Amino acid sequence: MKYNVVIVRFGEMSTKGKNKKDFVAKLARSIRIALRENEDDYKMVIRHDHIYLYIINEISNLEKCLAEISGMYSFSLAYKIEDPDLDNLKELALKVFAEENGKTFKIRARRIDKSYPYISDEINREIATVILKNTPWRVDVHEPDVILDIEIREDGAYVFTKTLKGMGGYPTGSIGRCLMMLSGGIDSPVATYLLMRRGVEVTCIHFAAPPYTNSGVIDKLEDILKKLTKYQPKIRLFIVPFTKIQEKIYEISSEGYPITIMRRMMYRIASRLAERLNLPCLATGESVGQVASQTIDSLNVINSVTNLPVLRPLCTYDKVDIIKISEKIETYEISIRPYEDCCTIFAPVRPKTSPHFDECLRIEDQFDFAPLIDECLDNLEVKYIKFEN
Amino acid sequence: MIYFDNASSTKPSKEVLEAYLNAAENNYENPNSIHKLGMKNFNEINRIREKILKLLGLDSRYEVIFTSGATESNNLGIIGYYNKNKSRGNHIITTKVEHESVLDVFKFLESQGALVTYLDVNKDGEIDIEQFKKVINKNTILVSIMPVNNELGFALNIDEISKVVRTFPKCSLHLDCAQTVGKYKFDYSLGDMLTISGHKINGLKGCGALIKLKKINLNPLFYGGGQENGLRSGTLDYPAIVALHEALKITMNSFNENYKNIEVLRGYLVENLKNNDEISLNIFKNQTPYILNMDLLNKKASVVVEALSNEGIMVSSVSACNSKKEAPSHVLLALGKSDEEARNAIRLSFNKNNTLEETKIFIQKFNMILENIKGRKL
């Protein structure tokens with residue numbers, strides 16, 4: 001039996017107070033964007049507790065589309081009948097079980113509309129009796145193969161057996177905005193995805209140092225971000241011409257310090273751009289301990305150049321877990337394309353794992369980087385990556 | 001754009017594209033069909049086979065098997081030959097400087113039980129003929145060597161090798177001529193099997209040939225409709241074959257004229273680069289002018305290639321198939337270079353389309369880049 005309505009349940013938004021309606025409106029917008037090719041095939045009704053999508057014509061990849069929308073806890077593919085008369089429910093339940101696979105079942109009725117003449121338990125018993133008498137199905141209330149949910153509402157009864165997990169988190173853009181430092185490796189796209197899922201609208205910044213980095217990296221980034229437009233339909237990417245700063249750093253840095261100084265410069269530039277764009281925080285794909293610049297000591301020295309909060313969604317993730325997510329969101333294959341990123345040419349043999357503040361300041365004092373930083377910010381290139389099918 | 005990466009692939013010439021398009025539009029019928037249009041294409045292909053042999057100076061003892069390109073030709077000529085003839089001996093010989101489509105095939109056969117000798121090549125790009133004589137024996141059934149090296153452009157002493165191979169009647173000589181055709185004056189009849197490729201000579205990708213003595217028997221690599229005497233099943237690609245012939249015809253007919261022009265270009269480059277202390281040119285006594293290889297002494301090759309590419313000049317580091325891996329060039333290693341040197345060589349490779357003006361621009365940009373970018377030793 002084909003479902004005729006989808007019940008969408010909210011994620012953590014149900015903990016919100018008066019601003020909940022803003023979150024719900026953003027979720028509704030995300031759904032509209034995800035289903036924009038089928039806008040005539042369904043009708044959306046927003047209620048305070050759920051969003052209902054009444055299906056007019058079948059939407060082929062509906063389940064996949066909904067599973068990729070953040071801010072949705074779960075959704076059920078339900079069959080609605082206008083008249084929740086007990087006989088109608090019995091008839092419907094028989095139809096449902098004729099099509100389900102399994103041996104044991106459980107009925108789980110909820111009477112939201114208290115004017116309905118039977119209480120939930122009476123509904124459970126009435127429906128179960130019909131099933132037991134007319135089909136080989138048996139009851140198992142602890143571990144049933146199939147659970148039939150019946151929700152009695154003022155506008156009718158919603159009956160469903162299939163509830164799918166949503167992506168969780170908050171609707172895209174409902175939490176705030178950030179500037180993500182994107183390298184094109186495996187980690188930063190995953191961090192970007194996790195932020196988007198949590199409802200953060202992400203703008204990206206990439207540091208390019210041609211010819212030390214390959215121009216293929218930019219194509220690669222665009223391909224990665226295209227994958228992520230599923231979760232955030234429009235993404236801005238700023239590309240910083242970083243070559244001059246990079247060269248200067250390697251000229252003046254002492255042994256083991258170039259990467260630390262380079263990260264400090266990147267944070268400085270990112271902070272300046274964030275301020276200019278009114279973005280209240282930065283984000284990175286750093287994972288504690290993964291490389292020398294990501295030890296706690298290094299992060300401390302690097303982070304100290306900015307006053308903005310820095311979100312590090314991957315901070316406690318193991319590489320294997322990061323890779324799993326990147327495979328799920330289909331960025332892994334793109335990330336491992338063989339281009340030199342972040343200047344492998346300059347990578348010191350023994351980078352410092354616990355750099356000293358004083359040494360960083362001493363190195364940076366040797367040269368006035370301010371004009372070069374201004375130059376970077378004056379010569380940004382910006383790309384807009386948009387969702388396309 | 002200045003394109004100095006012609007050993008990777010060349011721009012198809014207008015004549016080739018026209019010939020292809022014309023055949024693809026008008027002669028699409030399957031050459032193996034027995035109606036008159038199919039027969040017409042089939043007969044034309046047979047005429048083309050003869051013309052190709054003639055262009056390469058080969059007589060009717062040879063035959064042409066059309067393939068998808070040099071890699072397939074090398075596989076067919078080596079694996080197909082080995083599988084058919086291994087009962088006569090189990091020893092096969094190649095060099096350490098071959099293209100992967102030969103080297104990896106030999107490694108594969110080695111894993112299947114073949115005895116393989118990988119010959120050294122000396123600093124002059126020559127095989128030590130005495131060493132070769134010691135290695136080849138009655139059990140040797142195949143020697144495969146490229147006459148002109150794809151990375152460095154040196155020409156191996158095939159005439160000497162061929163003379164020795166001829167004294168072993170069971171042994172055949174396969175020559176991977178993908179980088180030889182159009183680039184070096186060569187007597188193709190020195191080989192018993194020859195690999196040629198369309199896209200290296202201003203033809204199209206996806207078409208090449210294995211040319212072999214009729215008396216040599218091979219096993220096919222794939223089975224099916226039994227085309228090409230059962231050696232290469234699959235519908236004959238008539239338009240691609242027409243295009244391959246067209247490309248070869250233009251290349252061979254203008255060989256001398258192009259060769260002289262390229263010698264001038266290369267001479268200019270060598271003259272302007274030989275005193276540059278940032279680089280060391282890899283120059284050989286016998287070599288094609290179409291390839292100029294150099295070691296970068298202080299800079300990283302991938303960075304210089306990227307910098308040139310940003311200036312609109314396309315060159316390659318190692319060979320294009322290799323250059324995305326971070327591996328050193330096996331050819332330079334074989335010639336006794338250090339790992340560091342073998343990772344940091346760049347190759348310029350030319351085509352008749354290149355001009356002296358382009359080499360002048362190259363020198364200017366190249367010097368600027370070497371001056372500006374930071375070195376790898378810090």
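Colleague: Quick one to start: which residue in β13(B) stands opposite Ser317(B)?

Modeller: Ile346(B) stands opposite Ser317(B). This is a predicted model, where local features need pLDDT of at least 70 and side-chain atom pairs count only at pLDDT 80 or more, while totals for chains, interfaces and linings use all residues. Residues are numbered from 1 along each chain as its sequence is written, and chains are lettered from A and ligands numbered from 1 in the order in which they are written.

Colleague: And how many bridges are there between β12(B) and β13(B)?

Modeller: Two bridges, in the antiparallel sense, with β13(B) being residues 345–349. Strands pair if DSSP finds at least two bridges between them. Strands (E, at least two residues) and helices (H or I, at least four) are DSSP runs, numbered from the N terminus.

Colleague: What order do the strands of that open sheet have?

Modeller: β9-β10-β13-β12 in chain B, four strands with antiparallel pairing. The edges are β9 (279–282) and β12 (316–317), each pairing on one side only.

Colleague: Switching to helix α12(B): which of its residues are buried?

Modeller: Thr359(B), Phe362(B), Phe366(B) and Ile369(B) are buried. Buried means 20 or more other C-beta atoms within 10 Å of the residue's own, exposed means 12 or fewer, partly exposed is in between, and C-beta atoms are placed from the backbone. Down the axis of α12(B), the buried residues fall within an arc of 90°, so they line one face. That arc is taken from the directions from the helix axis to the C-beta atoms.

Colleague: What covers them?

Modeller: The cover includes β1 (2–3), α8 (255–273), α9 (301–310) and β11 (313–314) of chain B. On the face turned away from the buried side are exposed residues, including Glu357(B), Gln364(B) and Met368(B).

Colleague: Over to chain A. Where does Gln294(A) sit?

Modeller: In the loop between β12 (282–283) and α9 (296–303) of chain A. Gln294(A) is buried because 21 other C-beta atoms lie within 10 Å.

Colleague: Which residues does Gln294(A) touch?

Modeller: Leaving out residues up to four places away in sequence, Gln294(A) touches Glu286(A), Ser287(A), Val288(A), Gly289(A) and Leu299(A). Contact means C-beta atoms, placed from the backbone, within 7 Å.

Colleague: Last topic: do β10(A) and β11(A) run parallel or antiparallel?

Modeller: Strands β10 (residues 200–208) and β11 (residues 234–241) of chain A are parallel, over five bridges. Ile205(A) stands opposite Phe238(A) in β11(A).

Colleague: And how many bridges join β11(A) to β14(A)?

Modeller: Six, and those two run antiparallel, with β14(A) being residues 381–386. Across that pairing, Leu237(A) stands opposite Lys383(A) in β14(A).

Note on methods
Two residues are in contact if their C-beta atoms, placed from the backbone, lie within 7 Å.
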